[in-house]
Amino acid sequence: MLAMLCTRPVVRRCAGASALALALLGAGLPASAAGPPQPDLSRFYGQRASWSSCQGADMPKDLQCTKVTVPIDYARPNAGTLAVALARYRATGTSRGSVLLNFGGPGGAGIPELAAGGKDFMDLTNGYDVVTFDPRGVGRSSPVSCGDGGDDASAATDDEADISRPQALFKQLQRASDQCARNSGPVLAHIGTVNASRDLDVIRQALGDDKLNYLGFSYGTRLGAVYAAQFPDKVGRIALDGVDTLTESLAEQGVAGAEGQQTALEDFLDWCATDVGCPFGQDRRTAGDEVVRLIRSLDENPVPTDFGGSFSGQDLVGALGQALYSKDLWPSLERALVSLTEDGDTRRVLAFATGGIALPGGAQGADGAKADTERVPADNLPAALMAINCADDPDRPAAAQLTRDLTKLRAAYEQASPVFGRYRLTQLLMCYGRPKGTDFIRDRVKNLHSAKMLLVGTRGDPATPYRWTVETARRLGPSAVVLDNKGVGHTGYSSSRCVHRKVDDFLLYGSLPPSGSSCPADAAAEDTAPDSTA
């Protein structure tokens, strides 16, 4: 889903075109699910976290950091390790342990999110150490990168691509896949939600908690559900906000994501056109066309960035997708677009495109994994998003089928969104040449026998449609309790006072609302005034 990074994102709902995409991409036998761990993992479960001040100019003084070591491959724990980076705010009241946060993505780094937005979670420090982490392959935890490999897949879907020459297309996609592998190191073959959820259990033990208390947003809800399926006896108080699908294919999610983001863009343009500073003008009838023209212009003539390389129209599409998840971000997005269109300044819009971690470099660790320095690759967010989504999806159409169906696929995605369709199709095609993903999530994350979990769905969520909350709750079984947020925007915890209170009451005191109860839309969340200073 970016899917889900939002500043808390994911991928989206599906209409008739999604059924077409499912039919087109459903071929291929699913991969075998991982069996129960046989090797001795005691050295990993014997760790205890040792905290110190976080390093970095943007790190709050009271934010502490540490690392927890996990095996790269749980089936071969002696074949190499990686360090998962954690950060926390210490409990101010009587602590009952830790609550772990995952902000979504996939591919979203937790540490910069908590550093920038920690005030949203200070109420939880009344009972917990509030902890987050950069999942494997993300941020400071052996970050993956494709280098320039993403350009090959993007070019394969552009308007001039010759789909009558399928072998050239597939060679281009294979080169992209190979370049991602070369730039990412050994973690790439072991990325994905199943392994990340096993990391969560090692983290839980290292924090000294008997049970996992957890708050996951967007993609983080997928991670939480997979954890509950693998470790049902270790489920403490788990709240999932902006619930992801467990059953729809990556093809379906891509069409749904394009549809949801297009709707959010239209809402943003309705708002922007009322402001004299809107970079697309005040004529709402032409604003959408201006967006498309800007994207095409940047694709034809990318502009340089401060980090080297260039910023293309598809880079802009990725940034727009991130910024449109919350109305609170609209004023910042407007200012970023003004800087881009008037001055050619990409810095503000790049902050959306990369989750605020667009820094060059990325050194290699002692055992081949990427080092967890602040030098996170500029493409880590999209590279990790693609890698995790591909690892979680068992569908891999054969080259012959993809050849037959590419024209129809491109039309389906373009129909879903003239702005986001190509970008979403690129994400789907980037799975070509990679191993099939696991079938564990589709086949085994269901009918859980665990402690109760709170699932929050928002009616006007552009990324994770409310129906996914209902479907996932039904799939998880009686462990799932649904809270219906009547508001708009991606996730409800930060935008709805009612949702915030009910989630906190559950995490702090174990107080669950009746399943199916609701929260009204907050008036403040429905009305964002244009920022005339843009």
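Which residues is Leu 100 in contact with, leaving aside its neighbours within four places in sequence? Select Leu 100 and display what surrounds it: Val 131, Phe 133, Leu 200, Ile 203, Leu 207, Leu 212, Asn 213, Tyr 214 and Leu 215 are in contact with Leu 100, where contact means heavy atoms within 4.5 Å.

**Before going further**

This is a predicted model, in which local features need pLDDT of at least 70 and side-chain atom pairs count only at pLDDT 80 or more, while totals for chains, interfaces and linings use all residues. Residues are numbered from 1 along each chain as its sequence is written, and side-chain values use heavy atoms, with hydrogens and water left out.

**The whole chain**

Of its 534 residues, 60% count as buried. Buried means under 20% relative accessible area, exposed over 50%, and partly exposed in between, with a 1.4 Å probe and protein chains only. Among contacts with a separation of 6 or more, 77% are between residues 24 or more positions apart.

**The nonpolar cores**

Next, select Leu 86, Leu 100, Val 445 and Leu 476. In the largest nonpolar core, which has 62 residues, these four touch the most other members. A nonpolar core is a set of buried Ala, Val, Leu, Ile, Met, Phe, Trp, Tyr and Cys residues joined through side-chain atoms within 4.5 Å. Helix H7 (residues 219-230) supplies the largest share of this core, seven residues.

**Helices H6 and H7**

Angles of 65 to 115 degrees count as roughly perpendicular, under 35 as roughly parallel, over 145 as roughly antiparallel and the rest as oblique. On the H6 side, the contact includes Thr 193, Val 194, Leu 200 and Arg 204, and on the H7 side it includes Tyr 219, Arg 222, Val 226 and Gln 230. By class, the contact of H6 with H7 has seven nonpolar, three polar and four charged residues. Here Ala, Val, Leu, Ile, Met, Phe, Trp, Tyr, Cys and Pro count as nonpolar, Asp, Glu, Lys and Arg as charged, and the others, Gly among them, as polar.

Remain on H7 and pick Thr 221. Thr 221 is buried, at a relative accessible area of 2%. Not counting residues up to four places away in sequence, Thr 221 touches Gly 216, Leu 240, Asp 241, Gly 242, Val 243 and Asp 244.

From Asp 244, move to Trp 468; their C-alpha atoms are 6.2 Å apart, although 224 residues separate them in sequence. Trp 468 belongs to helix H17 (residues 466-476) and is buried, with a relative accessible area of 0%.

**Helix H8 and its partners**

Now select helix H8 (residues 250-272) together with helix H15 (residues 421-429): their axes come within 9 Å and cross at roughly 160 degrees. That makes H8 roughly antiparallel to H15. Leu 250, Ala 251, Gly 254, Gly 257, Ala 258 and Gln 261 of H8 meet Gly 421, Arg 424 and Leu 428 of H15. This contact of H8 with H15 has four nonpolar, four polar and one charged residues.

Is H15 itself enclosed or open? Nine of its nine residues are buried, so H15 is largely enclosed by the rest of the structure.

In H8, Ala 264, Asp 267, Phe 268, Trp 271 and Cys 272 meet Trp 330, Pro 331, Leu 333, Glu 334 and Leu 337 in H11. The residues of this contact are eight nonpolar, no polar and two charged.

Finally, select Asp 270, also in H8. Asp 270 is partly exposed, with a relative accessible area of 40%. Its C-alpha atom is separated by 9.6 Å from that of Asp 283, 13 residues apart along the chain.

Key
Helix = DSSP H or I, 4+ residues; strand = E, 2+ residues; numbered from the N terminus. Axes fitted to C-alpha atoms, helices over the stretch in contact; angles between N-to-C directions.
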